[in-house]
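Opening the notebook on this one.

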Amino acid sequence: MNILSSKSRQLLLGPFNKNNAILVQILGICSALAVTAKMEPALVMGVSVTAVTALSSVILSSLRDAIPTRVRIIVQLVVVSTLVIIIDQLLKAFAYDVSKQLSVFVGLIITNCIIMGRVEAFALANKPWPSLLDGAGNGVGYAFILLLVAFFRELLGSGTLFGVPVIPGALYRWGYANNGLMILPPMALILVGVIIWIHRARNKELIEQ
Amino acid sequence: MNKESNKYTFLFSVAMVFVVAILLTLVSTGLQPRQNENIENEKRQDILRSVKVNVSREASREAFDKYITRQFLVNSSGEEIPGDAFAVDPGKEIKKTPGERRLPVFIARVDGTTKYILPVRGTGLWGPLWGYISLNEDKNTIFGAVFDHKSETPGLGAEITRDDFRSRFDGKTIFEGETLVSVRVEKGGKAGGPHEVDAISGGTITSKGVEAMLKDNLTCYESFLKSLP
């Protein structure tokens, strides 16, 4: 079946490991620092970016024979920003609380390099179905790293996960304290750096000479 | 037609802009009523939360009619003026000179006592702050406070919406004798007096924004607060 062919699987799952947008291509770092103080915004951001990457890849891939080469970047921008505005409007109407939490970051999805990167590098040269897999795979790979960073930041910084306290009260009475540095952006950068370090240590072929 | 010709590029761009414009207009007008309803119900929910009535957003309309017995506008001299208090946007009023502002007052009846609810509006680190302060019948003691913000930093300034910050205002008083002193937000966990609360660590500018917001807005209400009920 098409969905299980090794090429499709490579497109969908590659971004989880050796082709991860954040860890290997170092794309989308800016938003990875901004929305990872808590798990919930990180999750919604990941889902929104996945939706936008997948949909814009499909739309632009279907249009790829009609788009004039000279204005292709503008066309990509228009499609991506239209999708982002629609998602923003939908969140405001149907998921009001989440839309408030993400506030400005929804609009900033447009500036996420992963989306434009995948469209330019893959969707414009491939058929819609592989483009969908590629877009979705990259979005999910991005979301996964976001959640990983948010997990450590929320756990160590606020002592909660998805807003639920998980550190037992007894620990605080023995002198444990939440690390306020974890919720500041520099710590996100350091965490991403540590994750990249571990990832490269296990995948030696990714290490640059 | 040649795909790379100027004519094709031009026509393609025009068609694209047209399609996108229609699509966005449809989405925006189609979802507008729902979005406005969310915003209005959230306002009702916030007003009720300031008198410690917690309801879901869906149930807020009904609960609002039940608890809020009267709503009206006053001017800075404390006189009642005509207009719809709920429809007034404090964000627009704050831009006018204090004398021209229309100041909404909501009166709630909770557990047999009267509470005065006053909207407040100010500026944080990244954008606007707003909230509702409810006062007891003496128009001096704070019964409850609700704060919200547009774009304060999650985990830092955004913590002003949390219950443990809001509850710090309960029981504080805004008058010292005849002088309106409002409530100060103090750094360093040393706040203890009747007119001060602890700030949020890491959210100093937002905390100071809350302090300035209370002072500015309550000053406008001073004449109303000093008048007898």
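Predicted model: local features only at pLDDT ≥ 70, side-chain atom pairs only at ≥ 80, totals over all residues.

**Chain A, overall.** I counted ten helices and two strands in chain A; helices here are DSSP runs of H or I with at least four residues, strands are runs of E with at least two, and both are numbered from the N terminus. Reading from the N terminus, I get the order α-α-α-α-α-α-α-α-β-β-α-α.

Residues are numbered from 1 along each chain as its sequence is written, and chains are lettered from A and ligands numbered from 1 in the order in which they are written.

I looked up the radius of gyration of chain A, taken over C-alpha atoms. It is 19 Å, close to the 17 Å that the globule rule gives for 209 residues, so chain A is as compact as a globular protein of that length. The rule is 2.2 Å times the number of residues to the power 0.38. The C-alpha trace of chain A spans about 65 × 45 × 35 Å along its principal axes.

Burial next: 38% of the 209 residues of chain A count as buried. The cut-offs go by other C-beta atoms, placed from the backbone, within 10 Å of a residue's own: 20 or more is buried, 12 or fewer is exposed, and in between is partly exposed.

**Helix packing.** How do α3(A) and α8(A) pack, and at what angle? Helix α3 (residues 39-62) of chain A lies against α8(A) at about 165 degrees, with the axes 8 Å apart. Axes are lines fitted to C-alpha atoms, for helices over the stretch in contact, and angles run from 0 to 180 degrees between N-to-C directions. The two are therefore roughly antiparallel; that label needs an angle over 145 degrees, whereas roughly parallel needs one under 35. I noted 18 nonpolar, ten polar and two charged residues in the contact of α3(A) with α8(A).

I then checked α3(A) against helix α7 (residues 113-121) of chain A, and found an angle of about 25 degrees with the axes 9 Å apart. That makes α3(A) roughly parallel to α7(A). On the α3(A) side I listed Val49(A), Val52(A), Thr53(A), Ser56(A), Ser57(A) and Leu60(A), which meet Ile114(A), Ile115(A), Arg118(A) and Val119(A) of α7(A).

**A against B.** How many residues of each chain are in contact? I get 22 from chain A and 23 from chain B, where contact means C-beta atoms, placed from the backbone, within 7 Å. On the chain A side, α4 (72-94) and α8 (128-158) each supply at least two residues. The largest share of that side, eight residues, comes from α4(A).

Lys52(B) is not a glycine, yet has a positive phi of about 60 degrees. I found Lys52(B) in the loop between α1 (6-49) and α2 (60-67) of chain B. It has 16 C-beta neighbours inside 10 Å, so Lys52(B) counts as partly exposed.

Asp111(B), also a residue other than glycine, has a positive phi near 50 degrees. Asp111(B) sits in the loop between β3 (103-110) and β4 (113-123) of chain B. With 7 C-beta neighbours inside 10 Å, Asp111(B) counts as exposed.

Key. Contact = placed C-beta atoms within 7 Å. Parallel < 35°, antiparallel > 145°, perpendicular 65-115°, else oblique. Nonpolar A, V, L, I, M, F, W, Y, C, P; charged D, E, K, R; others polar.
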